[in-house]
Amino acid sequence: MDLFVAKMAEFIKVEMNTDAAHDLQHVKRVVLNAKQLCEVERGNEWVVMPAVWLHDCVTLPKNHPERAKSSGMAADKALVFLTEIGYPQEHFDHIHHAIVAHSFSADITPRSLEACIVQDADRLDAIGAIGIARCLQVGSALERTLYEVNDPFALYRDVDDTHFTLDHFFQKLLRLEEMLHTDEAKREGRIRTDFMHHYLRQLGHEIGVRRS
């Protein structure tokens with residue numbers, strides 16, 4: 001496995017060039033999350049490890065009209081690469097599904113423990129302290145306003161994260177904890193979600209707007 005992982009790491013260094021929030025460090029954090037989940041939940045590392053290393057080998061920008069197809073394209077590309085390095089093909093179907101199902105925008109329900117682990121590992125990196133940082137990076141890159149000045153927390157208006165970065169918390173980030181599958185991910189997700197709520201309370205204090 002170690003030799004295969006080394007080849008995956010070298011491959012993904014070249015492929016991760018979409019944006020600052022989807023870089024090599026993102027992949028390494030997801031791998032770290034997945035290793036912990038795989039150990040606790042007793043998943044098959046021969047499926048989980050290539051899926052997490054290669055899950056973003058194709059990543060279309062957040063505002064791309066075909067963003068939902070990214071994970072399918074990544075899964076196809078991953079299998080081509082795994083074939084080239086001689087990875088055991090009996091795992092290919094499960095790896096492909098795990099990569100396709102990891103994506104939030106694809107909205108695909110994982111059908112295996114390994115796919116649940118990959119999806120959970122990726123979603124954990126979207127919440128907590130690192131999730132906040134990545135959200136701000138994406139919002140800045142897309143030139144979105146930080147928040148709507150009259151109603152920053154969308155208490156009396158529709159959420160619109162295409163224009164306001166802060167709205168992405170309400171559109172997606174604060175909902176992810178409820179979508180986690182494994183017990184270990186749920187435990188960690190609770191900690192990270194609590195941190196995001198604390199951040200929002202502090203932000204409200206600093207801008208003079210109380211969040212109910």
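Colleague: What should I keep in mind about numbering and confidence?

Modeller: Residues are numbered from 1 along each chain as its sequence is written, and side-chain values use heavy atoms, with hydrogens and water left out. Because this is a predicted model, local features need pLDDT of at least 70 and side-chain atom pairs count only at pLDDT 80 or more, whereas totals for chains, interfaces and linings use all residues.

Colleague: Why is H1 called oblique to H4?

Modeller: The axes of H1 (residues 2–15) and H4 (residues 70–84) come within 11 Å and cross at roughly 135 degrees. Angles under 35 degrees count as roughly parallel, over 145 as roughly antiparallel, 65 to 115 as roughly perpendicular and the rest as oblique, so H1 is oblique to H4. The axes are lines fitted to C-alpha atoms, for helices over the stretch in contact, and the angles run from 0 to 180 degrees between N-to-C directions; helices themselves are DSSP runs (H or I, at least four residues) numbered from the N terminus.

Colleague: Which residues in H1 and H4 meet?

Modeller: From H1, Lys 7, Met 8, Phe 11 and Glu 15 meet Lys 77, Phe 81 and Leu 82 of H4, where contact means heavy atoms within 4.5 Å. These residues divide into four nonpolar, no polar and three charged.

Colleague: What makes Tyr 147 partly exposed?

Modeller: Its relative accessible area is 22%, and buried means under 20%, exposed over 50% and partly exposed in between, with a 1.4 Å probe and protein chains only, so Tyr 147 counts as partly exposed. Tyr 147 lies in the loop between H7 (128–141) and H8 (167–171) and, leaving aside neighbours within four places in sequence, is in contact with Pro 152, Phe 164, Leu 166 and Ile 207.

Colleague: Are Cys 116 and Cys 135 buried or exposed?

Modeller: Cys 116 is buried, with a relative accessible area of 13%, and Cys 135 counts as buried at 8%.

Key
Helices (H or I, at least four residues) and strands (E, at least two) are DSSP runs, numbered from the N terminus. Ala, Val, Leu, Ile, Met, Phe, Trp, Tyr, Cys and Pro count as nonpolar, Asp, Glu, Lys and Arg as charged, and the others, Gly among them, as polar.
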